[in-house]
Amino acid sequence: MRHRKNRKRGQILVMVTLALFMMAGIMGLAVDLGWSYFTKKSAQTAADAAALAAAEAAFAAESDEDANSTYDCGTEVACVPLSQCPSPIPNPPTNNIEVGCLYAKQNGFQVQPGGRQNVTMNSGNTPNPPTVPGVTVYYWATARVAEGIPQLFSSMLGNTLNLASARATGAIIDSTIAGSLILLNRERDCVPMNLGSQPICGVDLLVQANNNQGMDAVRADGGVLMASVLNGTNDPSGEGNYSGENQGGGLVRAPFTFIRGDGTVSLGGSSQWIQSPTNGFSDRSYFRDPMRGKGSPPPPAPGLQDIPIMGGALMGSNDPNNPTIYSPGNYYAVKQVGGTLVPTGDPLTMSGYLKFQADSDGFGDWVFFGGLRNQSAGTVMTVDPGRYVIAGVRSNGNNVTPGFDIQVNMSITDNGPPNAAPAPSNAGEIFIFTDPTYLGGPAGDIPLTIPVALQNSPVLNDLKFGISGFQTGNNADIQVNIHGLNRDSGALPAELKDFTPVVMWQDQQNSVIQYTPRGYIDNSCGNLDPQQGCANSALDNAASTEMFFKASPSLHIYGTVYQPRGAFTSMIGAGGYDSPLMIIAGALMVHANSNVRLQELDSPLYVKMVALVE
């Protein structure tokens, strides 16, 4: 009996030993798997941080208001093949890839002697990153991090080391921007909003419209963004202004109104602001010019036909079914002196039925030196898809003459559908309001080609910036129906794709604030606030920065109306205005019996941003 009991005791000992061994193995396996999972998550965090930081640093190199920085591979923006991060990492980093390596280190991963940890990066400005070839980018940076993990249970099976690794790609990409009304002026930006002899400083939205039959004075379906921080007590001008002022008894309606810093709105009398504005936002990118870094729309390429117009009269036909055709070209007014046609600098005036007909490729270029306006009531201007450049107007003393002035009882149409995006085959239109010194392109270094006759004429120096706009009267039969650039159209020139869906572009040099050639705020004068900017000392007359829409019940403009910071839009008596439109301007003034609704666009405006694409 005693022998059997001893045998049972020996069996139990063996079984317990085996069980303990198995339990230890399971615990070791759990530790192995758990630690590997934790390290894998940490590695992914480090890779994400490194890739984003490298792309952000490249973006900052272009976006730091430096007109010379770009995504071209160079000193600050590095394009490197797959390689290890340096060890040690220079501090401060000398390029954006070293910035990414530093962020990996701050998240616990770096190149280590013996190879337990490793961090590699590669980058480039090719449009498709190797890791995500289906994504189109401007610049990309890929980070790879790895760590070898000693094993417990797995080592008993011969696997002494497990590798936890992760990869991420950060890139500069196109993204859509929200908002129907983006107002850029800051508290020290002063513009002459035609309400007195003194400019108004820091007021982004000024509404003096009456409560017209209970309708909204301003309705921005896509929301409102305001960059001014004024709240009535912090006005540097001492006028007690606010970021937004609704004084006329009308309603301002938007799903959101976001205001930078301490900015607030003031309400006078029975005025209302539906959905109370929210302030306290830091100086985020969406309070800055969304077109920054793009330069300006390029002017037409050299080679356009020079077309002198006697007396500046663009004569149309009397038959709406057979309008007079005007082909692409450089148009300017002339008079005859002896046997020579001499430029006068006078505006080009339209009458009758006219059609500006594009080339066979579906897109045309027209440049009008001296301004463009209608001569008589009943004028109908039909426009094909194209680039329409209004290159200056003769100044009239201290008064600013309109450079583009669609007067009472004139229609302008592209025959597209009102309040809808153009068909994919239609490239749309862009009207550029500028002067003969215009520089466009991504680097702001492509000049407007001047006709030879004008180059040699003293009137060229008389052509300046002018105000621009529409004054169609209260006649509902008079139509304005135009569509902005359409990025879906194969007929759209590639150099204009970044500016879709802009329909009107005011030259950034026609502003009280100085812009760099690449479209950033110029701060070379050394203001303490890096976003305050320098005054534009080259501007002849601040009143020229206005764009106006007056008494326009049948005004249908589809797309984006762009003005730079330091300019302003005025809407006066624009009753019944209702169209898919985004307005970007320094400030907006609405008064008289105006009912303005800015519908959301279904063809959005794209801006550059940094994001993880893998």
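This briefing walks through the main features of the structure above, topic by topic. The model is a predicted one. Its secondary structure comes to 3 helices and 44 strands, and 53% of the 614 residues in the chain are buried. Among the contacts with a separation of 6 or more, 68% join residues 24 or more positions apart.

- Let's begin with the loop between β1 (83-84) and α2, where Pro 88 lies.
- The peptide bond that leads from Ser 87 into Pro 88 is cis, and its omega is near 5°.
- Pro 92 is found in the loop between β1 and α2 too, and the bond from Asn 91 to Pro 92 is cis, with omega near 10°.
- Helix α2 itself covers residues 96-106.
- At the start of α2, Asn 95 has a side-chain oxygen within 3.0 Å of the backbone nitrogen of Ile 97.
- Which residues of helix α2 are buried? They are Asn 96, Ile 97, Glu 98, Gly 100, Cys 101, Leu 102 and Ala 104.
- Just after α2 comes Gly 108, which takes a positive phi of about 95°.

- Leaving out residues up to four places away in sequence, Phe 356 touches Leu 314, Tyr 326, Met 350, Trp 366, Phe 368, Met 381, Thr 382, Val 383, Asp 384 and Tyr 388.

- Ser 175 has its place in strand β4 (residues 161-176).
- Why does Ser 175 count as buried? Its relative accessibility is 19%, and the cut-off for buried is under 20%.
- Not counting residues up to four places away in sequence, Ser 175 touches Leu 605, Tyr 606, Val 607 and Met 609.
- Ser 180 lies in the loop between β4 and β5 (181-183).
- Is Ser 180 buried or exposed? Ser 180 is buried, because its relative accessible area is 2%.
- A polar atom of the Ser 180 side chain lies 2.7 Å from the backbone nitrogen of Gly 222.
- Setting aside neighbours within four places in sequence, the residues in contact with Ser 180 include Ala 220, Asp 221, Gly 222 and Gly 223. Leu 581, Met 582, Ile 583, Leu 598, Gln 599 and Glu 600 are in contact with Ser 180 as well.

- Gln 275 is a residue other than glycine with a positive phi, near 70°.
- To find Gln 275, look in the loop between β15 (272-274) and β16 (278-281).
- Asn 415, again not a glycine, has a positive phi near 65°.
- The loop that holds Asn 415 runs between β30 (410-413) and β31 (429-434).
- Asn 415 counts as exposed because its relative accessible area is 61%, and the cut-off for exposed is over 50%.

**Open space: the largest pocket**

- The volume of the largest pocket is about 560 Å³.
- Which of its 23 lining residues are the closest to its centre? They are Val 137, Tyr 138, Asp 174, Asp 498 and Lys 608.
- By class, the lining of the largest pocket holds 10 charged, 8 nonpolar and 5 polar residues.

**Enclosed space: the cavities**

- How many cavities of 30 Å³ or more are there? The count comes to 3.
- The second largest cavity holds about 60 Å³ of space.
- Residues that line the second largest cavity include Ile 390, Gly 392, Val 393, Gly 403 and Phe 433. Its lining also includes Thr 434, Phe 465, Gly 466, Ser 468 and Asn 510.
- The lining of the second largest cavity divides into 6 polar, 4 nonpolar and no charged residues.

Key
Residues numbered from 1 in each chain as written. Predicted model: local features only at pLDDT ≥ 70, side-chain atom pairs only at ≥ 80, totals over all residues. Heavy atoms only, no water. Buried < 20%, exposed > 50% of the residue type's maximum accessible area, 1.4 Å probe, protein only. Helix = DSSP H or I, 4+ residues; strand = E, 2+ residues; numbered from the N terminus. Polar contact = N/O pair within 3.5 Å; in protein donor to acceptor, adjacent residues only side chain to side chain. Contact = heavy atoms within 4.5 Å. 1 Å grid on protein atoms, 1.4 Å probe; cavity = no way out; pocket = protein on both sides within 12 Å on 5 of 7 lines; lining within 4 Å. Points joined across faces, edges and corners; volume = space filled by probe spheres on them. Nonpolar A, V, L, I, M, F, W, Y, C, P; charged D, E, K, R; others polar.
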